[in-house]
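Open the model in your viewer and keep the selection panel at hand. The stops below say what to pick next and what is there.

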Amino acid sequence: MKIIVIDGQGGRMGALLCEKIRKNKEKLPSGTELIAIGTNSAATAAMLKAGADCGATGENPVLVACRDADFIIGPLGIMAADSLLGEVTPAMAVAVGSSPAQKILLPVNRCNHHVVGVQDYSMARLTDEAVEELLSLI
């Protein structure tokens with residue numbers, strides 16, 4: 001199984017996700033890969049430090065990783081061109097959106113993307129819920 005975590009800017013959300021997924025390693029199928037893809041090197045480094053198995057940075061790693069991922073996890077903005085202050089390119093958004101992977105998106109109401117019908121939870125709560133959703137889908 002291949003779990004991709006995509007994040008940008010400082011990588012705080014991605015790092016929290018990687019840390020919490022690692023803490024639930026025993027609940028994941030044997031051989032599960034946790035791959036960190038940062039839109040910049042700081043985000044990638046934060047996710048690697050938090051426990052990702054491997055990582056890469058930039059547009060092409062997103063395009064390649066999304067082809068055969070089982071799960072893609074990250075902020076809602078990874079599916080919107082020019083989001084995360086311009087770090088998500090149109091090609092990256094298309095790759096995430098058209099991937100056959102199941103997507104677990106965290107509704108961070110910033111960068112002009114607002115999701116109605118959801119509460120404004122803390123980053124810790126959002127990442128907890130994302131990991132719970134991942135485990136329920138597995």
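Select strand E4, residues 71-75. This is a predicted model. E4 is mostly covered, with five of its five residues buried.

Strand E1, residues 2-7, runs parallel to E4 and is joined to E4 by three bridges. Show Ile-3 and Phe-71: Ile-3 stands opposite Phe-71 of E4. Next, show Ile-4, which stands opposite Ile-72 in E4. Then select strand E5, residues 102-106. E4 and E5 are parallel too, paired over five bridges. Here Phe-71 has Gln-102 of E5 opposite. In a regular strand, side chains alternate between the two faces of the sheet.

**The whole sheet**

Show all strands of the sheet. In what order do the five strands of the open sheet lie? The order is E3-E2-E1-E4-E5, with parallel pairing. Strand E3 (54-57) and E5 stand at the edges; each has a single partner strand, so one side of each is left without a neighbour in the sheet. On average, neighbouring strands are turned by 20 degrees against each other, direction ignored.

**Helix H1**

Select helix H1, residues 12-23. H1 has 12 residues and reaches 17 Å from its first C-alpha to its last, close to the 16 Å expected at 1.5 Å a residue. Is H1 largely enclosed or open? Nine of the 12 residues of H1 are buried, so the helix is largely enclosed by the rest of the structure. Colour the buried ones: Met-13, Gly-14, Ala-15, Leu-16, Leu-17, Cys-18, Lys-20, Ile-21 and Arg-22. Lys-20 and Arg-22 are among them. Now bring up what these buried residues pack against: E1, strand E2 (33-38), helix H2 (41-49), E4, E5 and helix H6 (123-137).

**The cores**

Nonpolar side chains tend to be buried together in soluble globular proteins. Here the largest nonpolar core has 25 residues. Select Ile-3, Leu-17, Ile-21 and Ile-73, the residues with the most contacts inside this core. E1, H1, E2, H2, E4, E5 and H6 each supply at least two of its residues. Which element gives the most to this core? H1 does, with six residues.

Centre on Ile-73. Leaving aside neighbours within four places in sequence, Ile-73 is in contact with Ile-3, Ile-4, Val-5, Ile-6, Leu-17, Ile-21, Ile-78, Ile-104, Leu-106, Ala-130 and Leu-134. A second, separate core has 17 residues, including Ile-35, Cys-66, Ile-78 and Leu-84.

**Two positive phi values**

Most residues other than glycine have a negative phi. Select Asp-82, in the loop between E4 and helix H4 (83-86). Phi of Asp-82 is near 70 degrees, a positive value in a residue other than glycine. Is Asp-82 buried or exposed? Asp-82 counts as exposed, at 54% relative accessibility.

Move on to Leu-85, which is found in H4. Leu-85 is not a glycine either, yet its phi is positive, at about 60 degrees. With a relative accessible area of 71%, Leu-85 is exposed.

Technical notes. Residues numbered from 1 in each chain as written. Predicted model: local features only at pLDDT ≥ 70, side-chain atom pairs only at ≥ 80, totals over all residues. Heavy atoms only, no water. Buried < 20%, exposed > 50% of the residue type's maximum accessible area, 1.4 Å probe, protein only. Helix = DSSP H or I, 4+ residues; strand = E, 2+ residues; numbered from the N terminus. Pairing = 2+ DSSP bridges. Expected span 1.5 Å × (residues − 1). Contact = heavy atoms within 4.5 Å. Core = buried A, V, L, I, M, F, W, Y, C linked by side-chain atoms within 4.5 Å. Axes fitted to C-alpha atoms, helices over the stretch in contact; angles between N-to-C directions.
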